[in-house]
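Let's take a friendly walk through one protein model. Have a look at the picture first, then read on.

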Amino acid sequence: MPVSHSSLNNGEHEWLSLCFLTPAPVADFVRGAVDECKPANVHVVTGTAGESAHILAGLEKEGMVKRLPKYENCWLARTDPKDVARVESKTVIVTKNQRDTIPIPAGGVKSQLGSWMSEDDFQKARQDRFPGCMAGRTMYVIPFSMGPVGSPLSKFGVQVTDSPYVVASMGIMTRMGTPVMDKLAQGAEFVRCQHSVGRPLPLKAPLINSWPCNPEKVLISHLPDTRQILSFGSGYGGNSLLGKKCFALRIASRIAKDEGWLAEHMLILGITNPQGVKRYVAAAFPSACGKTNLAMMKPALPGWTVECVGDDISWMKFDSQGKLRAINPENGFFGVAPGTSAKTNPHAMATIAKNTVFTNVGETSDGGVWWEGLDPPAAGVALTDWHGKAWKAGDPGPCAHPNSRFCTPAAQCPIIDPQWESDEGVPIDAIIFGGRRPEGVPLVYESFNWRHGVFVGAAMRSESTAAAEYKGTLPYEPLQRAGRTYLEVSTCC
């Protein structure tokens with residue numbers, strides 16, 4: 001197979017190796033991305049510890065991350081203030097017919113259940129963005145698995161990206177590297193994920209916080225018919241870590257529909273009563289409504305224990321005996337930092353003490369991190385906010401962005417469930433639905449049965465949280481109102 005792009009220079013040898021040593025579908029996908037995006041180099045990610053250290057060292061040299069000496073192998077990133085959360089208004093599903101994607105509302109009414117883009121409009125948008133978008137940069141090829149590599153419930157993906165921050169984060173959030181490429185070499189299917197920050201080199205304008213992004217042209221597009229994801233312009237979170245919401249919920253929902261299973265925005269936990277009886281529960285809340293805190297709960301009732309399988313996404317399928325089973329397809333936690341503390345979630349605080357990438361949190365002068373909800377720093381310790389400016393209590397605006405995050409390995413959680421990587425998944429006995437509402441609903445109520453639970457769960461909604469796109473105003477303002485989380489429980493009769 002010939003080299004696809006003559007400017008590959010230092011990456012030419014690795015590109016040739018990719019062509020000869022990887023399965024043809026992977027090489028064809030990467031070759032097409034190279035032809036379109038015109039990177040200067042190509043690097044095939046292996047997932048080794050040495051490679052991860054090299055990636056982080058490069059990010060530090062570029063000023064994209066800063067080492068936090070107070071902890072072991074922890075890093076701080078600050079983004080462009082216009083690139084702080086998922087951008088739902090610029091997140092689209094591309095299909096031939098709109099009715100195959102979302103309900104078509106009455107004239108003049110905007111759908112609240114997603115955005116559709118026609119195939120023709122998508123091709124125009126793609127042509128306006130991707131050609132040459134990686135000029136001067138390295139294209140990283142990330143083979144990854146959603147779920148344990150050997151599980152029959154897992155799915156594979158290959159992401160190409162020009163962001164080393166994405167590589168570092170995907171190494172935490174997915175099973176990434178050579179073991180996955182070995183599976184692909186055996187003929188396993190994979191989702192094709194293409195991502196670019198949209199800032200080719202040389203730069204035409206300076207970066208903010210050394211963070212490359214192109215907010216004016218952000219587009220996160222999903223092509224379920226062909227199992228593709230193309231994301232442009234954002235380097236943050238679910239917009240760029242394409243194994244998360246893009247794959248694990250949106251594309252996986254379509255795969256699940258075709259194959260007869262469910263991909264859901266749900267935590268999974270195991271709970272054991274004083275008599276030693278253990279049940280597994282799934283729970284669905286929107287972002288920033290408490291999934292991570294519930295998944296890592298420290299029970300106050302004597303004799304009860306909770307163990308965490310996952311805090312965000314659940315893939316569920318009925319087994320041959322008719323039992324609903326679930327896996328956590330992720331390998332890490334991408335949790336909201338503000339509000340997380342030794343009081344609200346001591347297990348999360350223990351988890352993030354090492355090998356963690358923090359984004360848009362505050363920084364302490366002694367080399368640590370801080371956010372709203374933590375105790376004030378010790379006397380003599382100064383704070384720097386998520387913009388990189390000096391901050392003190394009483395200043396306008398928060399020290400940490402309300403959607404600031406920690407990206408940390410799930411295996412480090414002190415209450416990680418022994419079966420969290422079970423190939424067959426854990427058996428689900430109840431499902432909880434919840435959200436943030438300040439008034440008008442009971443705090444907790446129980447449905448009559450599974451059917452009633454499905455109806456009530458489908459009818460629920462939550463007030464806006466900080467996981468919302470930048471609109472030129474402070475995205476944390478809605479959270480200044482007193483809110484509460486409410487729950488609805490569906491249990492098997």
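Predicted model: local features only at pLDDT ≥ 70, side-chain atom pairs only at ≥ 80, totals over all residues.

Residues are numbered from 1 along each chain as its sequence is written, and side-chain values use heavy atoms, with hydrogens and water left out.

Let's start with helix 11, which spans residues 450-459. (Helices are DSSP runs of H or I with at least four residues, strands are runs of E with at least two, and both are numbered from the N terminus.) Which residues of helix 11 are buried? They are Gly453, Val456 and Gly457; buried means under 20% relative accessible area, exposed means over 50%, and partly exposed is in between, using a 1.4 Å probe on protein chains only. Looking down the axis of helix 11, you'd see these buried residues fall within an arc of 100°, so they line one face of the helix. That arc is taken from the directions from the helix axis to the C-beta atoms. Here's a handy bit of background: an α-helix has 3.6 residues a turn, so residues three or four places apart point the same way. Over on the other side of helix 11, the exposed residues are Arg451, Val454, Phe455, Ala458 and Ala459. The N-terminal end of helix 11 is capped by Asn449, with a side-chain oxygen 3.2 Å from the backbone nitrogen of Arg451.

**Cysteines without bonds**

How many disulfides are there? The count is zero, where a disulfide is a pair of cysteine sulfur atoms within 2.5 Å.

**A buried histidine**

His401 sits in the loop between strand 23 (390-391) and strand 24 (405-409). Is His401 buried or exposed? With a relative accessible area of 1%, His401 is buried. The His401 side chain reaches the backbone nitrogen of Asn403 at 2.8 Å.

**A cavity**A search of the whole structure finds one cavity of 30 Å³ or more. A cavity is a set of points, on a 1 Å grid over the protein atoms alone, where a 1.4 Å probe fits but cannot get out.

Definitions and conventions
Polar contact = N/O pair within 3.5 Å; in protein donor to acceptor, adjacent residues only side chain to side chain. 1 Å grid on protein atoms, 1.4 Å probe; cavity = no way out; pocket = protein on both sides within 12 Å on 5 of 7 lines; lining within 4 Å. Points joined across faces, edges and corners; volume = space filled by probe spheres on them.
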